[in-house]
Amino acid sequence: MIRLLDITSAILSYHPKANVSLVEKAYVYSAKVHQGQIRLSGEPYLSHPLEVAHILTRMKMDVVCVVAGLLHDTIEDTTATLDEIRDLFGEETANIVDGVTKIGKMHFASSKHRQAENIRKMILAMSTDLRVILVKLADRLHNMRTLGFHPTHKQHTIARETLDIYAPLAGRMGIYWMKSSLEDLCLYYLEPRIYEKIKTEIAHRKGEREKLIEEAKQRIAQKLEDVGIRPTIKGRHKHFFSIYKKMLDQNLSPNQVYDILALRIIVHSIKECYEVLGHIHSMWKPIPGRFKDYISMPKENMYQSLHTTVIGPTGERMEVQIRTWDMDRIAEEGIAAHWKYKEGGGTDQTDERQFKWLRQLLEWQQNLKDPVEFLESVRMDLFPNEVYVFTPQGDVKRLPRGATPVDFAYSIHSEVGEKCMGAKVNGKMVPLRYELKNGDIVEIVTSAKQQPNKNWLEFVKTSRAKTKIRHWIKGQERAESVNLGRSILEKTLVQDHVTLPNIMKSDQLETIAKELSFQSIPDLLAQIGFGKVSAKQVVGRLKPRLGMDRETPPGIVGKVVSRIKRRKPDTGIRVKGVSDMLIRFADCCHPLPGERVVGYITRGRGITIHNKNCRHVRKVDQDRLVEVNWDVSEKDVYQARLRVTSVDKKGILADISAILTRKDANIVHAEINTTADRKGISLFTIEVADFNQLREIMRAIRKLKDVLTVERC
């Protein structure tokens, strides 16, 4: 078992001034809270956090990260609390432990390729500190090394999850030794027979391979020393999983995979890399299409190297990698290679070049001063325009940043979106305007009576949701227009003393619809409802077909007025010179009795009442404005909206509510938000009798001590 001394010695080897006393303190704490716990292997549970911490030292991580490795299971598996971790070991350590715990609690329902990629992205996006991922990878590596103590079905589940999610994460972080280790362990549990075949074949040819490697190394070293280059040459076999992938891709057996041999040549400069490449190609024939220049075009995760495959000394394929020492360090350690232990030190030009990929991927800040700023710079979001959320079944949905539960509902199915009446996020009810965050578990509450709301278009983000909502509204507007058009036509028929037993089945009306270039009677009625066709015009065409004389059509105002139906018998508004009108109040200004108002004739929707000072009125066609007056009764109430800005203080809402109650105003809707600077923004929709009552309410609210502003909206 790894000992504490192994960990502290490893840290001091790469960071001589490290505060290892914090590591010792974490060891004592972890031993205390894990006391009595045993792993399936029979070892004390403490062996696991020790192994994880030791893996992190191999990655040359800082003291905080190693401490988090020692404590990573304490919150989930012991009586320890996050506050206790924070008090004893600091905010950074607590945040890393909390992040690792959250990832550990995720349960993934699918391992399909696209789904796995979404999960990987979600884990990256959730990790506000890169060290969360590094601790989780170290944790998964040791768990894979001890997976044999689990039952077979669990071995398969964990290995599949590791192969789909965590091994690619290690690759994305550039930690290739870990990626290869995880993949080989996964192959051992998922395809044990193939693993043994590859192992047997490599063992069978081991002596021959080692001889070939040694011969190639000597020839290369001699050739390069002759031209003044002193390289370090390493020979290795390919990883089992790499061989397995080649077997699958090319339908080969293990003994048919020839380029199992690989050489790595490490030199001191980029210039020498390209010189070595030229000498290798002069010694052995390169295979076309197998040359990759990752020095001039590095991978996104910082990896740089020259790759080529040649026909080796005895006719077998041999892969050769050529890189500098810095490139080799980055290839081995990945992002961990950039963890700096400079006290107040800056980065040099080499660092700036190496960090280029991070600036592109993570929206890097320009200047890096120390390890803390390094972390701040790589605080995710790796994917700034996306969020990844769970369904209750564990599937991951990818949505644009700012997406809401309504977007989520439509991403599942249009019917779920249309019937969405509420949402639970992480088990708690939230408004439909709530912006989803990475890792949220979203459950949609539906109702058969619920219908899409036009206001949803103000906050949904996905094109699918917007399109579906618009389509539904358009369908509803058409249905309403057909009904309104039918009502208008029936009324016009009565006024002109025309009898038509069944409008929807009238042959004469069908013919008129065709004459006006409409497909059907409902299409004609919809256009009458929209105000694009005059009911008088239709009746004028209908009369001759019924043996009646055509009358002189009325003027334009008569046409508009004739197709508007009154909504209810008492709206509190009288339109000058006209009766029986469909009246509605504008949502933009919510006019109240006591204010000067004007009416605007809206096609198919009657007359909309606006405040005379409303900014929208100044922009409309002035010919469509009509004079209106208030004609209210004592029972009439009208809606008004107030925006109250206050200090975010306990009891302020109760004070405002008390005023509204005292002033006899009914609250229809309230929406409360708190800003980052601790101000409360309260939006109230209330019912009042007139403008004077509203003015009194606003005056009373302004007198409250903690209220900053009160305004109408």
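Let's start at one spot: Asp62 is buried, with a relative accessible area of 6%. Buried here means under 20% relative accessible area, while exposed means over 50% and partly exposed is in between (1.4 Å probe, protein chains only). You're looking at a predicted model, where local features need pLDDT of at least 70 and side-chain atom pairs count only at pLDDT 80 or more, although totals for chains, interfaces and linings use all residues. Residues are numbered from 1 along each chain as its sequence is written, and side-chain values use heavy atoms, with hydrogens and water left out.

So who is Asp62's partner? Asp62 forms a salt bridge with Arg131, and the closest N and O atoms are 2.8 Å apart. A salt bridge is a side-chain nitrogen of Lys or Arg within 4 Å of a carboxyl oxygen of Asp or Glu. Arg131 counts as buried too, at 1% relative accessibility. The two come from distant parts of the chain, 69 residues apart: Arg131 is in helix H9, and Asp62 is in the loop between helix H3 (47-58) and helix H4 (63-71). Names like these come from DSSP runs, numbered from the N terminus: helices are H or I with at least four residues, and strands are E with at least two.

Stay with H9 for a moment. At 1.5 Å a residue, its 16 residues should span 22 Å, and its end C-alpha atoms are 23 Å apart, which agrees. (The expected span is 1.5 Å times one less than the number of residues.) H9 is mostly covered, with 14 of its 16 residues buried.

That brings us to the largest nonpolar core, which has 71 residues. A nonpolar core is a set of buried Ala, Val, Leu, Ile, Met, Phe, Trp, Tyr and Cys residues joined through side-chain atoms within 4.5 Å. Ile7, Ile11, Val23, Leu56, Met59 and Met178 touch the most other members. H9 (residues 130-145) supplies the largest share of this core, 9 residues. Another core lies apart from it, with 29 residues, among them Ile583, Tyr638, Ala665 and Leu704.

Leaving out residues up to four places away in sequence, Leu56 touches Tyr14, Met61, Cys65, Val66, Gly69, Leu134, Val135 and Ala138. Contact means heavy atoms within 4.5 Å.

Back to salt bridges: the structure holds 25 of them. In one, the side chains of Glu510 and Lys514 meet at 2.8 Å, N to O. Being 4 residues apart in helix H23 (residues 507-515), Glu510 and Lys514 are separated by about one helical turn. Glu510 counts as partly exposed at 29% relative accessibility, and Lys514 counts as partly exposed at 45%.

Arg678 lies in the loop between strand E18 (666-674) and strand E19 (679-688), and Asp648 in the loop between strand E17 (638-647) and helix H27 (652-662), so the pair ties together parts that are 30 residues apart in sequence. Arg678 is exposed, with a relative accessible area of 53%, whereas Asp648 is partly exposed at 33%. There's also a network: salt bridges that share partners join Lys234, Arg264, Arg323 and Asp328.

Now for some strands. An open sheet of 4 strands runs in the order E12-E14-E13-E15, with mixed pairing. E12 and strand E15 (625-626) stand at the edges with a single partner strand each, so one side of each is left without a neighbour in the sheet. E13 and strand E14 (residues 606-611) run antiparallel and are joined by 6 bridges; two strands pair if DSSP finds at least two bridges between them. Gly599 has Ile609 in E14 as its bridge partner.

Where is Pro593? Look in the loop between strand E12 (583-585) and strand E13 (597-602). Pro593 is buried, with a relative accessible area of 6%. Its contacts, not counting residues up to four places away in sequence, are Trp630, Val632, Tyr638, Ala689, Asp690 and Phe691.

Finally, zoom out. The protein chain has 28 helices and 20 strands, and 49% of its 713 residues count as buried. Among contacts between residues at least 6 apart in sequence, 64% join residues at least 24 apart.
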